[in-house]
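Today I'm going through aromatic contacts and strand pairing.

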Amino acid sequence: MPELLTSWGTAVVHLLIQPYYYIAILFIALYYRRQVALERKFIHVKLHSWGRETWRTVWSGLVAGLVVSLAAVALGISLTGTAVAIIWAVSLVLMLFRVRYLCFAYSIGVLGILQFILSFFPDTLQSGLAGTIATALREMDIPALLVLAALLHLAEALLARWQGARLAAPLFLKGKRGKVVGGYQLEAFWPLPLFLLIPSGAGIGDLPWHPLLGGGLGLVSLPVIIGFSEMTQGLLPGRKSARTAGRLLLYSTVLLALSGLAAWWSPLTVLAALAAVLLHEALGWYSALEERSLSPIFVHPPAGRKVLAVLPDSPAQELGILPGEILLKVNGVLLTDAAQLHEALRMNPAFCKLEVQNRAGESKYLQRAIYDGDHHQLGIILVPEPDGWVTAEAKSSSIFSIIAMKTGASRRSLPSGGLGRAKGTAADAKKESAGV
């Protein structure tokens with residue numbers, strides 16, 4: 001045990017002096033800065049603080065990383081320092097295509113396929129840097145690393161269920177019929193510092209227990225990034241994150257079973273590696289198919305205005321107004337457009353009475369005094385008008401858009417061929433949402 005604790009301390013030092021963990025944190029900080037810019041673009045206020053969200057994901061990722069590390073050490077999952085660099089190199093290359101390809105399952109799946117291909121050429125790449133990389137790749141225990149990928153997706157499922165809805169960002173999206181509808185982007189990432197065993201041999205002592213997947217007493221650090229990316233028009237953020245978490249849990253269970261079989265019978269390794277990639281892609285494909293089959297829920301009804309989001313620590317949150325509810329009347333005025341909300345509140349600057357229809361279709365009556373410093377629209381973000389002038393791209397972020405702080409917003413064309421309100425004033429643009 002003292003030797004194992006010493007190895008753990010050495011691995012922590014290596015984690016702090018290597019660049020991988022800092023790259024992960026920097027990426028996440030840049031992502032949340034872009035999310036704040038996206039919120040300001042569409043609703044003209046920020047729902048999240050990039051510093052607070054970065055800190056939240058860092059500490060929750062640290063806790064999850066330690067738990068997964070304990071499970072990995074108990075199982076005997078091992079890795080060399082060279083293999084750590086290879087995994088990060090593959091992850092960074094994949095990230096250039098799609099940010100969601102940072103997922104550990106993609107990296108290990110690709111490496112498993114490359115290992116299978118190299119097995120047909122045992123006498124190639126035996127010297128130099130290429131030989132070192134090829135040797136490290138040949139020696140990787142891919143089934144054990146796929147077990148680790150399954151454990152990471154289990155952690156991802158729990159984090160998505162716990163924090164996914166809280167990190168959701170409201171968007172204005174182009175609907176199926178060309179009209180603008182409200183929606184949410186659920187995209188979150190967590191940096192996990194992992195500590196894995198060094199392979200047995202080369203002077204490494206035996207563990208005090210018999211691990212299932214090999215490994216010695218030494219430890220090596222492996223920082224990874226886990227996360228998910230979803231976009232929804234037909235579900236509330238909480239329900240969407242719950243469904244995503246359930247599917248990630250199912251994926252982790254299937255991958256754990258396949259990788260366990262591959263550890264028992266090595267010819268199944270390439271099939272497990274392919275399944276790690278293809279099943280993960282199937283999750284995204286099925287989610288997109290589901291969204292196309294659902295009707296948008298963030299659209300205005302004939303009477304009233306639907307709530308897209310509520311600002312934190314606002315009067316609306318204090319009153320218990322929730323996204324998806326319908327604001328029917330304000331101070332007795334039936335709402336038919338966004339501008340009426342502000343006009344109705346000005347009828348009585350010191351007090352407001354609201355009639356709100358909840359998600360179950362039942363009416364509730366709310367009232368509250370209005371104080372100096374309160375948001376002039378109670379902190380309610382309304383669903384966009386169907387003829388809105390700006391929409392977001394309905395796709396996941398790219399690393400280039402995150403670095404360049406590009407929100408992906410585009411101006412919507414009118415039937416006449418002009419840009420929808422492109423030449424309007426700033427005040428016209430702000431009327432598209434009730435956030436200002």
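I started with burial: Phe27 and Phe189 are both buried. I keep in mind that this is a predicted model.

Next I wanted the ring geometry. A pair of aromatic rings is described by the distance of the centres and the angle of the planes. My search gave nine aromatic pairs. For Phe27 and Phe189 I noted 5.3 Å centre to centre and 75 degrees between the planes, an edge-to-face pair. Where do the two rings sit in the chain? Phe27 belongs to helix α2 (residues 20–43) and Phe189 to strand β2 (residues 180–197), so I logged a link between distant parts of the chain, since edge-to-face here needs planes over 60 degrees apart and the two residues are 162 apart. Phe27 and Phe189 also turn up in one aromatic cluster, together with Tyr31 and Tyr32.

While on rings, I looked for a charge over one. Arg33 lies over the face of Trp50, and I wrote down 5.8 Å from the ring centre.

Then back to β2, the strand that holds Phe189. How many of the residues in β2 are buried? I counted 18 of 18, so mostly covered is how I put β2 down, given that buried means under 20% relative accessible area.

Now the partners of β2. On one pairing, strand β1 (residues 169–174) runs antiparallel to β2, and six bridges join them. I picked out Leu173, which stands opposite Val181 in β2. The β1 and β2 hairpin has five residues between the strands, and there I found Gly178 with a positive phi near 85 degrees.

The other pairing I checked is with strand β3 (residues 219–232): 14 bridges join β3 to β2, again antiparallel.

Terms used. Residues numbered from 1 in each chain as written. Predicted model: local features only at pLDDT ≥ 70, side-chain atom pairs only at ≥ 80, totals over all residues. Heavy atoms only, no water. Phe/Tyr/Trp six-rings, centres within 6.5 Å; stacked < 30°, edge-to-face > 60°. Helix = DSSP H or I, 4+ residues; strand = E, 2+ residues; numbered from the N terminus. Buried < 20%, exposed > 50% of the residue type's maximum accessible area, 1.4 Å probe, protein only. Lys NZ or Arg CZ within 6 Å of the ring centre and 35° of its normal. Pairing = 2+ DSSP bridges.
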